[in-house]
Amino acid sequence: MAALEVEILTLFPRMCAGYLAESILGKAQEAGIVDLRVTDIREFAAGKHRVTDDAPYGGGAGMVMKPEPLTEAVLAARARLPGARVLLTSPRGRKLDQALARELAAAGRLVVACGRYEGVDERVTAAVDMEVSVGDFVLTGGELAALCIVDAAARLVPGVLGNEESAGAESFGGQDGLLEHPHYTRPPVYRGMEVPAVLLSGDHRRIERWRRREALRATRDRRPDLFARLRLAEDDIRLLEAGDDEL
Ligand code: SAH
C-alpha cells in the first residue's frame, strides 16, 4: 500500500491528471510510494444532462455547485479510502502552510474536493472534515489549490524526494523556522556575478556557517513576521553580523 493515498474530486480531471503524472510526483507513483487519483464529480450527477450547478437562492451573479454530486463523490471516496481526511478547497478555509502539509502527509489518506463557479452549496461542508485555502486571493476553481495541497504533502512522504535530506533544510522545513539559504550551481561566474567564495572553499564547517547566516538574514529581511518569532541563540545573533572572514 502506498504511504499516501489521495483522491481529488473535480469537474475538470484533466487539469489535475497532467500535473500529477509528471516529474517527482509521477515517479513517486510509479515507485508505488504515493497513489494519486482524480475523479470526475460529473460521474455522480443525476439525469441525462448530469447537471452539476444551479442558480443561487436569493439571487445574485454566477452559479453554485449543487450539493448532491459533490457530496456523493465525497461519500464514494470515503468508502474507497476509509479513514481519509476530507478537504474542501475554499478561500474561507484554514490557510495552507508547512505545518498543515506535514499534518496531511502524516494522515496517509486524503480526499480533496474542488469547487468551481461562485462556490459550492454550503451543505456540502457537512460531508467534509476541513476547508483549506491556499491564500488570501480568489482562484477560478479549486484545482490549483488541490494540487498545491497534494504536492506540498506528497513531497514530505519519505522516498518521494530522491535525497532524504532535501525536505529538511528548506524554508519552513527545519525545526528552526528559517527561510532557506540561497543556492548556486555552475558556472562560477555568470554575467559578472560570482558564486560566493565560501561555497567554493571545500571547508564544510564554514559552508554550514555561511548557509546559516544567509538563512538568518533572508528571514530577517524578507519575513520580519517569522523572524520576530525566532528564539535566537547568542551565536546566531553574532553570526547575523559576521563577515565572510569571521565565519
Ligand atoms: N465566491 C467565492 C469564491 C469562489 S471561487 C468567494 O468569494 O469566496 C471558486 C472555487 O475555487 C471555490 O469554491 C474554491 O473551491 C476554489 N478557490 C478559489 N480560491 C481559493 C483559495 N484561495 N484557496 C482554495 N480554494 C480556492
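Which strands does helix α5 lie across, and at about what angle does it run to β1?

1. In this predicted model, helix α5, residues 143-154, lies across β1, β2, β5, β6 and β7. Its direction is at about 175° to that of β1.

2. The strands in question form an open sheet of five, ordered β2-β1-β6-β5-β7, and the pairing is parallel. β2 (34-40) and β7 (130-133) are the edge strands, each with pairing on one side only. On average, neighbouring strands of the sheet are turned by 30° against each other, direction ignored.

3. Within the sheet, β5 (residues 85-95) pairs with β6 (residues 109-113) in the parallel sense, over four bridges. Arg-85 has Leu-110 of β6 as its bridge partner.

4. A further helix, α4 (residues 98-107), also packs on the sheet. Helix α4 touches β1 (4-10), β5, β6 and β7, and its direction makes about 170° with that of β5.

5. Two packed helices are described by the angle between their axes and the distance between the axes. For α4 and α5, the axes come within 8 Å and cross at roughly 75°. Angles of 65 to 115 degrees count as roughly perpendicular, so α4 is roughly perpendicular to α5.

6. On the α4 side, the contact between these helices is made by Ala-101, Leu-104 and Ala-105; α5 contributes Ile-149, Ala-152 and Ala-153. By class, the residues of the contact are six nonpolar, no polar and no charged.

Note on methods
Residues numbered from 1 in each chain as written. Predicted model: local features only at pLDDT ≥ 70, side-chain atom pairs only at ≥ 80, totals over all residues. Heavy atoms only, no water. Pairing = 2+ DSSP bridges. Helix = DSSP H or I, 4+ residues; strand = E, 2+ residues; numbered from the N terminus. Axes fitted to C-alpha atoms, helices over the stretch in contact; angles between N-to-C directions. Contact = heavy atoms within 4.5 Å. Parallel < 35°, antiparallel > 145°, perpendicular 65-115°, else oblique. Nonpolar A, V, L, I, M, F, W, Y, C, P; charged D, E, K, R; others polar.
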